[in-house]
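Please have the viewer open as you read.

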Amino acid sequence: MGSKLSELKNYETAEIVEVSLDSIPVVNRLADLGLQKGQTVTRVPGSPWGGVHSFQLSNGTFALEDWICRNVTIKKEVNK
Amino acid sequence: MMSVAVVGKPNSGKSLLFNRLTGLNQKVTNFPGITVEVKKGERNGVTFYDFPGFYSFSAITQDEVISVEKFHESLVEKKVSVILCILDATQLSSSLRMGLEVRHQAARTATPIIFAANMIDELENPQSIDWSGLRDQLGAPLVPISAKTGQGYNELLETIGRPVDPPKESPLAFFNEATELSARFGPKREDASSRTSFWDRVFLSPLWGLVSFVFIMTILFQAVFTLAVPFMDSIEMLVSFSANLAVSYIPNGVFRDFIVDAFFGGIGAFLVFVPQIFFLTFIIGLLEDSGYLARAAILCHRPLRFFGLSGKSFIPMLTGHACAIPAVYAARMIDSPRKRFITLLIIPLMGCSARLPVYAFLIAAIIPQTTYFGGLVGLQGLALFGMYLFGIFVALGVSWLLSRSSRLKVQDIPFILEMPPYRIPHWQPLVVRSMQSILQFIKRAGGIIFVATISIWVLGYFPDGNLDNSYLSHLGHAIQPILAPLDLDWKYGVAILTSFLAREVFVGTLGTLFEIENAEENFSGLLQNVQNAGLSFASGMALLVFYAIALQCASTFAILKSEMHSYKGPTLMVIAYGLLAFAAAWITYVIIAA
């Protein structure tokens with residue numbers, strides 16, 4: 001079982017293994033942003049008070065609510 | 001006549017290009033029953049439609065869904081002859097992802113498409129992109145441009161003027177194709193610039209993030225509150241001058257009173273908000289286009305989420321302390337319909353500038369001028385600060401309760417936010433956007449405010465031109481038994497009734513009833529009369545609490561009606577906040593009197 005996206009620390013990089021969300025529109029939107037299986041993601045500074053995590057994907061930076069991150073499985077330390 | 005649909009991702013510089021294409025010759029085209037605005041502009045016989053940005057055809061926010069639907073409809077019904085798809089050259093693969101979907105729709109509807117790769121001025125080396133190879137693969141014209149500097153703009157105009165064939169059908173693997181195209185033809189490195197990373201370390205750090213947030217929001221609040229004041233004063237002077245000029249030709253009588261108090265009063269009642277709306281829209285646009293607003297929303301999200309709000313709710317809440325009208329407009333930036341709805345409901349609880357004269361008068365009437373720490377801290381100042389805090393406290397309580405209501409527990413949109421790179425905003429789209437906000441406000445809210453002002457004037461004037469004997473006065477006497485539990489007489493009843501149009505009328509009405517001229521300026525005379533008449537501390541506190549909660553503003557009512565598309569919502573709000581205000585005032589009175 002892999003780690004979750006929410007566990008990624010600042011400037012750590014990981015590969016997305018699975019996005020397990022029930023809402024198809026949300027999954028589609030995440031895919032629009034590049035957050036889908038096989039893509040590489042790097043955690044960047046987000047809210048200092050939590051609740052929202054920020055990530056750099058292939059060519060943009062996005063903030064995601066923490067519960068979304070808890071439903072994304074990752075494989076840590078690729079292309080670091 | 002040729003018509004061009006301008007589409008692109010949010011933050012792709014689409015609006016700036018649209019402004020360059022159409023100049024100021026543009027207007028908002030409202031599609032029936034929706035708040036989404038498709039802008040329309042013309043240039044040399046070509047009509048351009050600027051559709052709100054969307055990430056893909058799998059839209060999730062209400063605005064996106066409607067934008068996509070209307071765009072699709074315009075293709076199917078052949079309302080547009082060419083699509084101009086804006087790509088962000090600094091974020092090529094995600095732009096291409098959306099661009100390929102648009103190309104697919106263009107192929108299905110046999111509509112020619114032109115791609116414009118915008119923001120090439122922000123690329124370290126624009127030649128690092130193989131424009132020719134990318135153009136061949138897209139099977140459509142591709143023009144690298146900078147809407148900001150004008151680079152490539154003439155070539156784009158020439159391309160729009162030339163006949164273009166519709167693209168051929170393409171595979172549906174948009175993401176993979178976009179990634180592949182970007183890798184083959186795009187720059188080698190497309191990550192966030194070092195400038196963005198640096199500023200994020202500042203704006204999102206636990207200490208400096210908070211400090212800069214408080215600093216920027218203070219500037220915003222002060223600017224809306226203070227920069228607008230000279231312009232508001234000028235409008236009041238202009239309206240007053242026009243009224244005086246008009247009445248110099250009219251003999252004394254009902255018609256003259258109507259022209260001065262009702263007609264010009266009605267015009268002034270909504271025109272006076274115009275400068276605040278302009279400055280607020282301009283400054284929020286400045287923050288948005290610079291990339292900071294996305295960071296501010298991230299900072300605020302967690303604390304506000306507990307109360308059922310979004311991080312994006314902060315701006316309307318803050319703005320509401322100046323005026324609810326621009327705050328209601330600011331709430332449009334909230335994607336989640338549920339959180340936007342709750343935000344709209346609590347905006348009237350923020351301590352707007354119209355409450356200030358009421359608070360200042362009542363506090364001066366019931367709280368002694370005691371000072372502490374050598375005069376640095378005054379009891380009256382603390383009471384005023386307490387009233388603002390009370391408004392926020394009630395607002396958060398209301399939103400917390402509403403967010404737990406089963407009727408509002410619908411499928412909601414999670415917080416997903418693109419963090420655009422930091423950029424220096426261009427002034428032109430900011431000015432255009434601010435001017436459009438003003439025009440919308442005058443069009444949507446002006447009429448209802450005008451009619452409401454005239455109605456109150458009629459009730460306060462007839463039957464004999466004496467307020468003491470007017471229908472409004474009779475109403476005041478009629479509701480006096482309701483105010484009896486708060487130990488308030490009929491004069492306060494009339495003041496409360498008139499201030500349902502605008503809170504600040506409270507002091508002026510009391511001035512008339514206590515026979516003090518220019519009560520807004522002559523506080524001390526009115527205070528003495530009110531104190532001599534025996535306004536108790538408990539009754540004064542009850543009034544303060546009532547005014548902190550009650551929704552008494554015709555302008556806010558009108559703008560809420562416009563945003564909610566019905567009278568039902570704002571009417572229920574007036575009733576609910578009225579009842580809550582009275583209950584809270586009564587509890588306050590009982591506790592203090594006991």
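1. A definition to begin with: two residues are in contact if their C-beta atoms, placed from the backbone, lie within 7 Å. Please also keep in mind that this is a predicted model.

2. With that in hand, have a look at where the two chains meet. On one side, 29 residues of chain A take part, and they are in contact with 32 residues of chain B. Three elements of chain A each supply at least two residues to the side that touches chain B: α1 (24–32), β4 (52–56) and β5 (61–65). The most comes from α1(A), which gives 6 residues. Sorted by class, this side of chain A has 13 nonpolar, 13 polar and 3 charged residues.

3. For a place to start, find Thr61(A): its bridge partner in β10(B) is Met419(B).

4. Now turn to chain B and one of its residues, Arg20(B), which sits in helix α1 (residues 14–22) of that chain. Is Arg20(B) buried or exposed? Arg20(B) counts as buried, because it has 20 C-beta neighbours inside 10 Å, and 20 or more is what the term asks for.

5. Which residues does Arg20(B) contact, leaving aside its neighbours within four places in sequence? They are Ala147(B) and Tyr153(B). As for Ile60(B), 40 residues from Arg20(B) along the chain, the C-alpha atoms of these two residues are separated by 30 Å.

Technical notes:
Residues are numbered from 1 along each chain as its sequence is written. Chains are lettered from A and ligands numbered from 1 in the order in which they are written. This is a predicted model: local features need pLDDT of at least 70, side-chain atom pairs count only at pLDDT 80 or more; totals for chains, interfaces and linings use all residues. Helices (H or I, at least four residues) and strands (E, at least two) are DSSP runs, numbered from the N terminus. A residue is buried if 20 or more other C-beta atoms lie within 10 Å of its own, exposed if 12 or fewer, and partly exposed in between; C-beta atoms are placed from the backbone. Ala, Val, Leu, Ile, Met, Phe, Trp, Tyr, Cys and Pro count as nonpolar, Asp, Glu, Lys and Arg as charged, and the others, Gly among them, as polar. Two strands pair if DSSP finds at least two bridges between them.
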